[in-house]
Amino acid sequence: MSDHYVKVSIQLEEMKSFGEDAEKEGVDTEEQVPVCSPSASVSPPDPSSTTIAGRDASNTSITCKHRGKSRSKLGKDDKNSCGKHTSDVSLHGSVVSAHVGRNLNRLTHDRTLHVKGTGKILQGKSETNGNNVTVHPSKNIQETRREDGFKHARKGRPVTVDISKAKTSLEALKLSIKQLKWKEFPLGRRAACDIYWHGVSFHDNDNIVSGQVNKFPGMIEMLRKINLSRAVRTMQELFPEEYDFYPRSWILPEECQQFSTQIRMVKENDATINPTFIVKPDGGSQGDGIYLIRDPSDLKLMVGTQAKQAVVQEYIQRPLLIDKLKFDIRLYVLLKSLEPLEIYIAKEGLTRFCTEPYQEPSQKNLSHVFMHLTNYSLNVHSGNFVHSDSQSTGSKRTLSSVLYRLAAKGVDIKKVWSDIIALVIKTAIAVVPELRVYYQCDIPPGKPGPTCFQILGFDILLTKNLKPVLLEVNSNPSMRIEHEQEVAPGVFEYVPSPVDEEVKVGVIRDTLRLMDPGHKKPSISQHGEEIPMEAETQERSPDEGALPSLCLKQVYPKYTKQFNYLRLVERIASLFIRFLGVKGNMRMGPTAFRTFIRTCKLSNSNFSMASVDILYIDITRRWSGTMPDSREAGMGLQAFVEAFFYLAGRRFKSLVLREQVVSLLQLCEAQLESQSGVEERRSVSCSRAMPRAVRTLGLTNPQLNSPAPLRRASSQDYRLHQRLKPRTLRANVEN
């Protein structure tokens, strides 16, 4: 028996015992196999700016399969193989030596990456290629938490998915998991799963401490029509020319008088103008409660004894028509992470058509919902609705079929698609600041918890001049791949919908592929800016070799340079989160607001701390009146943004609002940076000067860690409220 055979036999025994130990520790090993460490071919990001429903080719890496399964043939460059005979086992990324224990340790712990074109193997730490581009694992908060949650991620075992809460997306999800050859758990699982798929909310299951969840905390609240309108309105104040894709909106009932006054003035100035408006209930869905009006007196403000929360918007009277029918676009967008912000857009979407020929709104046809409203849930009840197996006909079609039809008429489709991408990125930038506040509330830094991702449904209308307009964003877009059909009088059953299946299964499947914990995506650091690489460049397992290329296209941070200047409110949100103080809190108290003013040195002889208190009380009371269902007292992010705009206007009066905000942000960030540097130097000098015995005492003596500062802070809050409570507050806080 040769020495080589003896060495390999010992190795196999060691690997077998390692698998048994892992099984005792709770690792799922029922399909665990020896895996050859793959070499990932990394190519630069796709330089093209747009892709329409195309299929991108991507390189695949080959991983050795289980001995009992069919074996894959490796390429010419990969001459090692495993599976022919036990003596032929070879380990990519580690050299077999006599010290088997050291090799096994290297096999299980080393992370190797082969960068195409450089001929280098990167192990653990960063290296630089000839273009001065550093490739290294991403070090952001979510990636760190993901790595902690997947220390026992699969090596030869399928990814596990908890689908017990999937609800209406269940069928599409099961098909996706089957195509990926992953493992589903329809009734949940005692042990932790890699991915949890919720049907409604992040809180469908509150007992998750690791893995990944397909919902962000706070997404439902953030994408309600009123909150979305407020977020976009804030961006419109800063960047009016960039956010003109959202119709002018008023929030009911608080802005009812303002709406009536503005419309009356418009009609008085020009009697020929008679605009139409669409009213959408704040919590409505599937077209429920939507109606059109032409006069403010037609508003339905009350539901029983309660005021109706709604948004009234300008109605787009001249939409693009196909076959004389109005239609809208349902585009699926994956928000992969918040820090760093990663956005993917599906290359294929749906178009939903009305079922009556369109006419411009008049007093006679305002109630014709099949003419004016594109909601599938409404039009499906029309006698004219057409279920078609073709992707280019019927009342629901693929987006690509519509775009190709427009291209045949000479429309610049690349321009339309790039405008849609810009709309999606700008909308995401508008809602991310408050999502970050919700995220740190439910999953504070340092607390065990899952990472999050979410598929959103953007509803977009094209005007007659091909300008995209945002109608709304759905936090829970329908992922149903069947439709209800009457098979006999009064008898309905669900039958497959080929168009829905084509689009939605691809979106879910490729979302799962992007979130696969076994695929650790490197990032490229260039000019000090870390940019995660596109998923098309990732390594693939043998099972993925038969799958099509990803239907999801990364648009951010790919287009960071074009849109990064819009993220001003996110910087304000970072200040807000920093001064919240208590982890898991979403509201800023008066003491925290005072601390923010004092730390950033925003008070002076013309703006005393008494004026700061009055500003806080005025803004907080006004915002608490607009959100009657709010149970938590204090200043929320939107109120803090208003206060920040006010402070910027006081400090930099000669500038326009955007420049005022930028200047105040730079001032605050500089003060915080200098202060943190002083505190760091002070702590270092104190630790050096302090005797070792005293340092040890400080860690153990409870008197040195007493909560006196916390008691003083709470008493200050109480005294401040008692002092200001009986006073009649002035509306104008300027001295």
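**Strand pairing and helix packing**

Tutor: In this predicted model, strand S18 pairs with strand S19 (residues 396-398) in the antiparallel sense, through three bridges.

Student: Which residue of S19 is the bridge partner of Arg-352?

Tutor: Arg-352 belongs to S18, which covers residues 350-353. S18 and S19 run antiparallel. In S19, Arg-352 has as its bridge partner Lys-396.

Student: How many bridges join S16 to S18?

Tutor: S16 covers residues 325-337 and runs antiparallel to S18. Within this pair, Arg-330 stands opposite Leu-350 of S18. The number of bridges joining S16 to S18 is four.

Student: Are the residues on the two sides of S18 buried or exposed?

Tutor: In a regular strand, side chains alternate between the two faces of the sheet. In S18, Leu-350 and Arg-352 point one way, while Thr-351 and Phe-353 point the other way. Buried means under 20% relative accessible area. By that cut-off, the residues on both sides of S18 are all buried.

Student: Which residue of S14 does Leu-252 stand opposite?

Tutor: Leu-252 lies in strand S9 (residues 249-252), on one side with Trp-250, and Ser-249 and Ile-251 are on the other; all are buried. S9 pairs with strand S14 (residues 310-314) in the antiparallel sense over four bridges. The residue of S14 opposite Leu-252 is Ala-310.

Student: Which strands stand at the edges of the open five-stranded sheet, each with a single partner strand?

Tutor: The pairing in this sheet is parallel, and the order is S6-S5-S7-S8-S20. An edge strand has a single partner, so one side of it is left without a neighbour in the sheet. The edge strands are S6 (183-185) and S20 (451-452).

Student: What is the bridge partner of Tyr-196 in S8?

Tutor: Strand S7 (residues 195-198) pairs with strand S8 (residues 212-213) in the parallel sense, over two bridges. The bridge partner of Tyr-196 in S8 is Val-213.

Student: At what angle to S5 does helix H4 run?

Tutor: H4 (residues 170-180) lies across strand S5 (160-165), S6 and S7. Its angle to S5 is about 165°.

Student: How are H15 and H17 oriented to each other, roughly parallel or roughly antiparallel?

Tutor: The axes of H15 (residues 590-599) and H17 (residues 637-651) come within 13 Å and cross at roughly 30°. The contact is made by Phe-593, Phe-596 and Ile-597 of H15 and Phe-640, Ala-643, Phe-644 and Leu-647 of H17. Angles under 35 degrees count as roughly parallel. H15 and H17 are therefore roughly parallel.

Definitions and conventions:
Residues numbered from 1 in each chain as written. Predicted model: local features only at pLDDT ≥ 70, side-chain atom pairs only at ≥ 80, totals over all residues. Heavy atoms only, no water. Buried < 20%, exposed > 50% of the residue type's maximum accessible area, 1.4 Å probe, protein only. Pairing = 2+ DSSP bridges. Axes fitted to C-alpha atoms, helices over the stretch in contact; angles between N-to-C directions. Parallel < 35°, antiparallel > 145°, perpendicular 65-115°, else oblique. Contact = heavy atoms within 4.5 Å.
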